[in-house]
Amino acid sequence: MNAHRPDPADDALMAAYAAGDARAFEQLYARHHAGLYRFIRRLLGSALNAQTDEVFQDTWLRVVQARTRWAPDGASFRTWLFTLAHHRVVDLLRRSGREVALDAFEGDDGAPWEPAADASAAWQHWPAPAGAAAHTEELAFWRRAGEQLLGCLDQLPLPQRSTFLLHHDDGFALDDVARALDVGFETAKTRLRYAMSKLRTCMGAHLAPLGSGPR
């Protein structure tokens, strides 16, 4: 009996595609299309949601066009792919007439918001996601939380939104986030801290903890 052969790594597939193996591209697309599409859609936000398909298709077109000159240079294929998508989003925002600030501190004065003991109490009493499946009330809470989170993400400056999405939504390590966004590690870390602070403020302003509302 033949031993199970592990699936080839992304970089090996991209190298095979560059050498003319079309099936290697199909495997890469199958692995990454869902996560990439979600990243682009959430990065564009509700105002430009209709342009998601355009950016998504253009990103994959760039992969095709760059196949013969692609080189890892320390970054994984996945990091490179999301970098291409981020560049396309920035281009689209600029073409639409929006001012795109790439400064990590854009719109911020002083240190990020940190919850005081009394303010954070509400968060401490929110239900854990792992236990939500057992109770209808908790399911409703987390559904409401998910809807509100998307609205709060829309309010973040693009550098903070992209950092948060790459790290928390797509599972990139912070050094890979920094590489994907072409910034230093400390800058990525600062952007993430600002994003988390703003999201906590936004979410806390709209969602009461379970059991605190009227009965």
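Biologist: Let's begin with D170: why is D170 called buried?
Modeller: D170 has a relative accessible area of 7%, and buried means under 20%, so D170 gets the label. Keep in mind that this is a predicted model.

Biologist: Where is D170 found, and which residues does D170 touch?
Modeller: D170 sits in the loop between α7 and α8. Leaving out residues up to four places away in sequence, D170 touches G35, R38, F39, R78, F82 and L165. Take R38: R38 and D170 are 132 residues apart along the chain, yet their C-alpha atoms are separated by 9.1 Å.

Biologist: Is D182 buried or exposed, and how do you know?
Modeller: The relative accessible area of D182 is 69%. Exposed means over 50%, so D182 is exposed. You'll find D182 in the loop between α8 and α9 (185–206).

Biologist: And D53, what makes D53 partly exposed?
Modeller: D53 comes out at 40% relative accessible area. D53 belongs to helix α3, and its C-alpha atom is separated by 8.5 Å from that of R41, 12 residues apart along the chain.

Biologist: Back to α7. How do you know that α7 is mostly covered?
Modeller: Nine of the 12 residues of α7 are buried. They are L158, P159, Q160, R161, S162, T163, F164, L165 and L166.

Biologist: What is the angle between α2 and α7, and how close do their axes come?
Modeller: The axes of helix α2 (residues 22–44) and helix α7 (residues 158–169) cross at roughly 150° and come within 10 Å. Angles over 145 degrees count as roughly antiparallel, so α2 is roughly antiparallel to α7. The crossing of this pair, α2 and α7, is right-handed.

Biologist: Which residues make the contact of α2 with α7?
Modeller: From α2 you have R38, F39, R42 and L43, and from α7 you have L158, R161, S162, L165, L166 and D169. Sorted by class, the contact of α2 with α7 has five nonpolar residues, one polar and four charged.

Biologist: What makes up the contact of α7 with α8?
Modeller: S162, T163, L166 and H167 of α7 meet L174, V177, A180 and L181 of α8. The contact of α7 with α8 divides into five nonpolar and three polar residues, with no charged ones.

Biologist: At what angle do α2 and α4 cross, and what is the handedness of the crossing?
Modeller: The axes of α2 and α4 cross at roughly 35° and come within 10 Å. The crossing of α2 and α4 is right-handed. On the α2 side the contact uses L28, H32, G35, L36, F39, I40, L43 and L44, and on the α4 side F77, R78, L81, F82, A85, H86, V89 and L92. By class, the contact of α2 with α4 has 12 nonpolar, three polar and one charged.

Biologist: On to the rings. How many aromatic pairs are there?
Modeller: The count comes to 10 aromatic pairs.

Biologist: Why is the pair of W70 and W80 called tilted?
Modeller: Their ring centres are 6.1 Å apart, and pairing needs centres within 6.5 Å. The planes are at 55°. Stacked would be under 30 degrees and edge-to-face over 60, so the pair is tilted. W70 lies in the loop between α3 (52–65) and α4 (77–95), and W80 in helix α4, 10 residues apart.

Biologist: Is W70 buried or exposed?
Modeller: W70 has 14% relative accessibility, so W70 counts as buried.

Biologist: Which residues do ring pairs link into a cluster?
Modeller: Y17, F25, Y29, Y37, F56 and W60.

Terms used: Residues are numbered from 1 along each chain as its sequence is written. This is a predicted model: local features need pLDDT of at least 70, side-chain atom pairs count only at pLDDT 80 or more; totals for chains, interfaces and linings use all residues. Side-chain values use heavy atoms; hydrogens and water are left out. Axes are lines fitted to C-alpha atoms, for helices over the stretch in contact, and angles run from 0 to 180 degrees between N-to-C directions. Helices (H or I, at least four residues) and strands (E, at least two) are DSSP runs, numbered from the N terminus. Angles under 35 degrees count as roughly parallel, over 145 as roughly antiparallel, 65 to 115 as roughly perpendicular and the rest as oblique. A crossing is left-handed if the near helix is turned anticlockwise from the far one by less than a right angle, and right-handed if clockwise. Contact means heavy atoms within 4.5 Å. Ala, Val, Leu, Ile, Met, Phe, Trp, Tyr, Cys and Pro count as nonpolar, Asp, Glu, Lys and Arg as charged, and the others, Gly among them, as polar. Buried means under 20% relative accessible area, exposed over 50%, partly exposed in between (1.4 Å probe, protein chains only). Rings of Phe, Tyr and Trp (its six-membered ring) pair if their centres lie within 6.5 Å; planes under 30 degrees apart count as stacked, over 60 as edge-to-face and the rest as tilted.
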